[in-house]
Amino acid sequence: MDSLTLDVVVRSISEVGGTVAFIVVGSIILELILFLIFKVILKSPHTLPIMLLGPAAFGMTVLIVYPLLWELNLSFTNMSLRRFGDKAQYTWIACQAKPENINFWLTDCLFKNYVDVFRLPVLKQVYFFPVFLRTVLWTFINMVFHLVGGTILAILLNQPIRGRGIYRTFLILPWAIPQVIAVLAWRGEFHFEYGFVNLMLVRLGLEQINWMTDPFWNFAAMCIVNIWLGIPFMMVILLGGLQSISSDYYEAAEIDGASGLQQFTNITIPLLRPVMTPAIVLGTIWTFNNFNVPFFINQFELETSDILVTALFRAAFQYNRYGFSAAFAFIIFIILLLYSIFYIWISDGLKEVYE
Amino acid sequence: MSVTTDSSNNDNAFQRFFRAKRGHSPFNRMLIHLALIISSIIAIYPVLRVLSVSLRPGDRLLSTSLAIIPSDATLNNYFVVITEKDFMLWLWNSLAITVSTAIIGVIFSSTSAYAFSRWRFPGRNTGMLFLLATQMIPAAMLMVPIYILAVKLGLLGTYRGLVIAYSVSSIPFSVWILKGYYDTIPRDLEEAALIDGANRITAFYRIILPLSTPALSVVFLFNFMQAWNDYLLARVLLANATEIWTWPLGLQALQGQFQTAWGQFAAASIMVMIPVVALFLYSSKYLISGLTAGGVKG
Amino acid sequence: MRKQILILSVLLLAVMMIAAQCGGGEAPAPEKEAPAPAAEEKAEEAAPAAEEMTITVWTKEGEADGGLPFLQSIADAYTAENPNVTLEIVNKDVEVLREDFQTAALAGNSPDLLFTVSDHAGPFTIAELIQPVEGLADLGQYVDSAVAAVKLDGKTWGVPASNGNHLMLLYNKDLVPEPPANTDELIAMAADLKGQDIIPLVFNQTEPFWMVPWLGGFGGSVFADDGVTPTLNTPEMAATLQFMHDIKFAEELIPAESDYDGSDTLFKEGKAAMIINGDWSVGGYTDTLGDKLGIARIPQVSATGNWPAPYTAGTFFMFPAELSGAKLDTAKDFVSFVTNEENQVKMVEELNRLPALKVALDDPAVTENDLLKGSADQMVVGVPMPTVLEMRCNWDSMKPELLAILSDTKAPEDAAAAMQTAADNCLLTLE
């Protein structure tokens with residue numbers, strides 16, 4: 001076994017240092033090349049921003065664009081455990097279709113995996129659309145509670161009371177601790193016999209709940225955990241938003257005789273919108289793509305608790321349907337992309353109305 | 001608290017705001033405290049339960065007792081994890097990788113965000129949308145190609161591979177946050193410096209960066225958290241190199257097919273929480289302004 | 001403040017740079033892990049046996065039951081005898097090991113040896129990732145049932161190191177002086193125990209692995225004789241499901257919702273009298289219950305007179321397909337070292353697992369240990385767990401229906417039919 005000795009520390013520092021040096025030297029070389037190409041040869045007016053972006057863009061191309069293209073290629077192949085690996089036994093799905101059968105060729109050859117996502121079960125028995133709808137429901141429920149919970153806590157924390165710092169510290173904690181650990185801790189709390197939730201229910205004289213086997217309650221458990229995890233982020237964002245709203249608005253409203261509720265809906269909400277838009281887009285994407293919570297809380301692998309990303313994981317790694325799951329992944333990706341474009345477009349439109 | 005240059009003004013406005021308009025009656029104040037106390041308990045209770053498991057002798061994950069400190073509490077699990085496992089080595093590796101990741105990530109994203117914030121160059125909007133799009137890629141999807149790439153580049157089982165992968169994957173979110181923040185810094189400041197003879201880079205370094213401390217801390221924190229908590233990438237990129245395993249890989253070894261050493265698992269969990277929580281608390285004063293300033297323009 | 005941070009980070013960076021310079025020679029060291037494909041292997045083939053080499057072993061053995069430390073200690077002993085060989089023992093949880101091995105093979109970067117469960121033989125042979133072991137070990141010296149567990153397409157795909165991994169009945173002698181011989185006795189005993197507020201029986205209700213012994217007891221099997229066609233919609237399956245339903249809802253032998261950890265805790269705390277669990281758990285129960293722990297066969301099914309037939313498997317060494325030359329020879333040598341008599345007996349003593357080596361079975365460590373005798377006795381009525389890829393479909397199809405039965409939401413016949421449909425659908429996706 002390896003243990004932590006001075007030797008190890010020195011070695012790892014030198015390696016980390018080497019890595020940093022490697023990256024710095026690499027960036028300098030890259031910058032020089034960019035400078036030569038854009039300034040000296042092309043005489044581009046955008047040389048400086050291009051140089052500023054250079055290292056990040058290079059890294060992203062290698063580490064994100066290349067893998068994406070690899071997956072894209074895979075999504076057109078018939079790769080599975082039987083046609084596996086560098087033996088290159090897998091190929092693009094090919095079949096002889098007559099030219100007049102172009103539709104057939106598209107759905108059963110070129111885009112077979114993509115079409116299969118919609119016409120075959122994505123898991124054992126469940127089809128795409130129920131899982132999709134469940135994912136939408138999951139995202140919606142979570143976002144509503146995150147926003148409501150975050151708003152309430154942010155408003156409470158924005159009150160002039162003692163100990164706000166301490167409360168804030170405690171309330172941020174769910175965000176700060178490693179997610180997997182938090183989720184595993186929560187799973188224990190939903191245990192039928194020993195979990196806190198059921199123990200409390202019994203003490204209150206209620207029936208215990210089958211959190212792990214009952215589809216409805218398992219889904220509820222997932223939501224509870226994720227709401228707990230996500231509220232602090234919203235709370236922090238909204239607290240920042242609240243603190244930046246000038247008191248003049250409220251003073252003016254008070255003079256006009258507006259009630260607290262009116263102030264909230266007419267001043268607070270509209271002025272929070274600019275901070276809420278990016279938070280909602282990011283929050284939605286994170287919730288939609290949340291893997292840890294649905295995967296670990298669903299200990300019994302109920303298909304009724306799977307959302308798209310966990311279904312994707314199972315398709316790829318438990319069933320080894322590589323080509324199919326690559327297509328599946330792209331479909332999820334495209335859905336989210338469309339949503340974001342749509343949302344940003346809508347909210348930008350709204351912004352203009354307010355400005 | 002506020003990001004703009006007239007922060008002192010705003011702070012005063014704040015205090016006036018609280019004193020003058022929102023003083024609460026003792027009863028209301030009590031209600032607010034009550035609500036906050038209940039919320040705080042809900043927020044920390046699961047952590048306390050982990051603490052409780054870590055103090056129990058044997059591998060008793062479950063117990064009907066609701067006491068946080070069990071009657072037969074022992075620190076044995078901590079002792080075992082520290083002395084008999086390589087836990088300290090894992091923690092050290094995580095720390096080395098995480099800190100260098102966070103630093104590199106901050107450097108690259110701060111410059112990129114500056115380009116996005118101050119120049120209108122071809123492909124700028126597409127670039128921003130692409131950054132957002134990367135947040136939508138299901139992580140599991142990229143594991144296999146990234147592994148193949150690491151093998152080809154000889155980055156498997158090295159600090160280098162992991163640091164590069166983490167730094168790059170943290171760029172999109174960091175750039176979004178920083179770009180939003182830079183947008184709120186008036187251009188006049190740099191232009192004044194340019195007139196004084198400074199060049200763009202000096203202006204960026206002398207003016208923009210110091211003003212962006214809150215956002216930079218937030219980005220540092222996010223990069224740190226992401227690298228510290230990552231399991232998937234570490235699993236594929238470190239593979240055989242047990243001597244540089246990070247803590248999530250080490251903890252995984254405590255979990256068997258059917259059995260888990262829950263006591264040790266919990267003890268280790270508590271210990272890995274400490275650095276992140278400490279960093280979080282330290283930077284929490286920046287967290288609020290750093291995250292939201294980008295969205296607030298009025 | 002800001003200045004301080006800046007200075008600090010510059011200092012840190014400088015230290016790193018300097019360290020990088022000093023340690024420059026060492027820095028690329030880990031890259032030896034990186035693939036050094038054909039060239040290196042060829043060099044090794046030609047080189048004498050004493051050449052330095054690293055053998056990477058991926059194992060599913062973890063810390064929880066002492067499997068990992070045990071394997072590490074054997075590896076250390078081997079390195080002491082063969083100082084030129086470095087053994088890297090890497091733990092990967094069972095499913096992780098399978099996924100990662102497939103990924104690694106895809107990149108042409110496999111480890112040198114696998115030490116894992118028999119059911120991995122199925123996927124690995126289909127993807128042609130491992131090689132048959134006929135020429136690599138003298139299979140005749142191992143227990144036949146263990147070798148049979150990894151036989152596919154007429155070839156053997158793993159060298160067994162332990163035998164068993166099977167379920168058995170473990171009981172608390174304070175609560176149950178004599179274990180029940182059949183299910184009628186079990187049910188009769190239960191009434192008495194419930195009177196004392198003791199849960200009669202617990203087991204992991206979430207995994208069909210805990211159901212298949214009963215299926216055997218009712219005379220059923222998950223595959224037809226060809227070993228690949230699922231036969232789940234059978235009267236035997238329906239009877240098994242009915243039985244599972246009845247012990248929960250009619251006889252109330254088992255608690256309302258119970259997973260692995262829950263059952264484990266109930267038994268350890270003395271709140272449950274009996275548990276059905278695998279041989280891997282014996283060590284943990286010996287630690288908590290000591291002499292009070294007893295082991296017996298899972299009680300005979302009174303309705304049929306058959307013994308329940310738990311799946312037996314064990315742990316196996318598998319050789320990646322790409323492994324050849326000197327590395328293969330070393331891996332072979334290490335495997336025969338782990339499975340020699342001395343180390344097999346050591347494994348029995350430390351892990352309470354039954355040895356795969358025939359001669360080790362006669363060692364006093366086995367014959368004079370009551371717990372192991374009970375475990376061996378249970379294994380007599382066990383059947384080797386199917387390792388074909390199709391088994392995955394069976395597991396996945398049985399699981400949701402078993403859960404439905406245990407939450408009283410489906411009739412046994414419907415559940416059995418649903419299992420069959422799901423398995424048939426699943427088979428289509430394996431292509």
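User: Let us begin with a single side chain: is Asp174(C) buried or exposed?

Analyst: The model is a predicted one. The general idea is a cut-off on relative accessible area: a residue counts as exposed over 50% and as buried under 20%. Asp174(C) has a relative accessible area of 56%, so this residue is exposed.

User: With which residue does Asp174(C) form a salt bridge?

Analyst: A salt bridge requires a side-chain nitrogen of Lys or Arg within 4 Å of a carboxyl oxygen of Asp or Glu. The partner of Asp174(C) is Lys292(C), with the closest N and O atoms 3.7 Å apart. Asp174(C) is in the loop between strand 8 (167-172) and helix 7 (183-195) of chain C, and Lys292(C) is in the loop between helix 11 (282-289) and strand 11 (293-296), so the bridge ties together parts 118 residues apart in sequence. Lys292(C) is partly exposed, at 31% relative accessible area.

User: Which parts of the chain does the pair Asp144(C) and Lys358(C) link?

Analyst: The side chains of Asp144(C) and Lys358(C) form a salt bridge at 3.7 Å, N to O. Asp144(C) belongs to helix 6 (residues 144-148) of chain C, while Lys358(C) sits in the loop between strand 13 (354-355) and helix 14 (364-367), 214 residues apart. Asp144(C) is exposed, at 55% relative accessibility, and Lys358(C) is partly exposed, at 35%.

User: Let us turn to the domains. How is chain C divided?

Analyst: Domain 1 of chain C comprises 51-164 + 313-383, and domain 2 comprises 167-309 + 389-429. The centres of the two domains, taken over C-alpha atoms, are 28 Å apart. Their contact involves 19 residues from domain 1 and 18 residues from domain 2.

User: What area is buried between domain 1 and domain 2 of chain C?

Analyst: The idea is to ask how much accessible area the two parts lose on being put together, summed over both. Here the value is about 1400 Å², and carbon and sulfur atoms give 58% of this area. On the side of domain 1, Leu371(C), Gln378(C) and Val381(C) supply 41% of the area buried against domain 2, more than any other three residues.

User: Which side chains meet in a salt bridge at 3.1 Å, N to O?

Analyst: They are those of Arg297(C) and Asp377(C). Between domain 1 and domain 2 of chain C the count is one salt bridge, and there are two residue pairs in polar contact.

User: Which element gives the most to the side of domain 1 of chain C that touches domain 2?

Analyst: Helix 15 of chain C gives the most, with six residues. By class, this side of domain 1 has six nonpolar, eight polar and five charged residues.

Technical notes. Residues numbered from 1 in each chain as written. Chains lettered and ligands numbered in written order. Predicted model: local features only at pLDDT ≥ 70, side-chain atom pairs only at ≥ 80, totals over all residues. Heavy atoms only, no water. Domains from an automatic or database assignment. Contact = heavy atoms within 4.5 Å. Buried area = accessible area lost by both parts, 1.4 Å probe. Polar contact = N/O pair within 3.5 Å; in protein donor to acceptor, adjacent residues only side chain to side chain. Helix = DSSP H or I, 4+ residues; strand = E, 2+ residues; numbered from the N terminus. Nonpolar A, V, L, I, M, F, W, Y, C, P; charged D, E, K, R; others polar. Buried < 20%, exposed > 50% of the residue type's maximum accessible area, 1.4 Å probe, protein only.
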